[in-house]
Amino acid sequence: MIVVLTGGTGGAKFVDGLSRVVPHEDLTIIVNTGDDHEWWGPYVSPDIDSIAYVLAGLLSNERGWGVSGDSFHCLQAMQTLGEPAWFSVGDRDLATHLLRTRLLAEGRTLTEATQTIAERLGIRARILPMSDTRVETRIATSIGEIGFEEYFVKRRYQDKVNSVRFAGVPEAQPAPGVLDALATAEAVLIAPSNPITSIGPILAVPGIRGALAETSAQVVAVSPIIGTAAVSGPAGALMSAQGLPVSIAGIANAYDDFLDVLLADNSDRESARDFESHGQYEENRRLQIHCTNILMRNSEDREAIARTVLSLARQELMAASAEETK
Ligand code: GDP
């Protein structure tokens, strides 16, 4: 089984690439739920939806979220009724939220609701929320503490970030199947998702970080940072707020207790060499940095990155078992 840890945007592109080269039933995708929120009543799980839509062939390529070709009549009607309209929910997308909300109200867990939605969309990969316990990513900004979607969508990440916390995380448990998937994985892949607000909440759920450090599978991450900036979105500002350099070194540091291979961009070759030769990673000498094109402009790029990541995970696996049999 190939196990992926992911958020919604960079993650969905990466999962799209993987789904083109790995049989879907061999994929288990552990998804961030720190962005979940109630919107007009329904329970929205933005990253789970993006991953479900990409695997079902429904994700809007232009927007990178929501359903391709969706209409927005409900959004317009809500606006007319004087309700907030800053979070765009399409009509078909709303159907997913309504179904999830009903399943949760009937007493199903988020894992069960996700499984039902995935089955009904014809998805053969396994999508697991990181936890069935509610965890909320809270951003302390110059205007006070706000939820992630308010920071990211409503305020377009313009506010200065002081810190990030995951409310509810001390009581949270990994969703059923998460720890087992990590322990028995053939390879664990970290999508080029925001390390603070997409991968960060997953790692913060008690037990998950330890399971990553302990798994015998190779852990391979794709960097969301190229040079000194994120490919898109606020990852750079959030990394700085958490004291991490905005570079591949920052990504390596964020994952230093479990990462085996980091896939970085060709343009970061020099930083990769510097990083390796200046011993910035003394604590973890195992880390290999491999450079290639990591910008996913089209499906060919996505597929090529997926193939590279899988071959790195497998080569490392072979090297590790050769070492063991010496
Ligand atoms: P979110 O839940 O919507 O924030 O989505 P993710 O965390 O999964 O994705 C956001 C991250 O994806 C950002 O930090 C981007 O830098 C990264 N990203 C977006 N497109 C690309 C790409 O083409 N290549 C790489 N390497 N990273 C990307």
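**The ligand and its pocket**

Colleague: How far is an oxygen atom of the ligand from the side chain of S193?

Modeller: 2.7 Å, taken between that oxygen and an N or O atom in the S193 side chain. That is a polar contact (a pair of N or O atoms within 3.5 Å). This is a predicted model, where local features need pLDDT of at least 70, side-chain atom pairs need 80 or more, and totals for chains, interfaces and linings use all residues. Residues are numbered from 1 along each chain as its sequence is written, and side-chain values use heavy atoms, without hydrogens or water.

Colleague: How far is S198 from a ligand oxygen? And K13 from a ligand nitrogen?

Modeller: A polar atom in the S198 side chain is 2.6 Å from a ligand oxygen. For K13, a side-chain N or O atom is 2.8 Å from a ligand nitrogen.

Colleague: How much of the ligand does the protein cover?

Modeller: 95% of the 590 Å² of accessible area that the ligand has on its own. That area is Shrake-Rupley, with a 1.4 Å probe.

Colleague: New topic. Which pocket does the ligand take up?

Modeller: The largest pocket. About 1,000 Å³ of space lies there.

Colleague: How many residues line the largest pocket?

Modeller: 43. Nearest the centre are G8, T9, G64, W65 and F152.

Colleague: Which helix gives the most to that lining?

Modeller: α2, with 5 residues. Helix α2 spans 46-55. Helices are DSSP runs of H or I, at least four residues.

Methods. Polar contact = N/O pair within 3.5 Å; in protein donor to acceptor, adjacent residues only side chain to side chain. 1 Å grid on protein atoms, 1.4 Å probe; cavity = no way out; pocket = protein on both sides within 12 Å on 5 of 7 lines; lining within 4 Å. Sits in = over half its atoms within 2 Å of the grid points. Points joined across faces, edges and corners; volume = space filled by probe spheres on them. Helix = DSSP H or I, 4+ residues; strand = E, 2+ residues; numbered from the N terminus.
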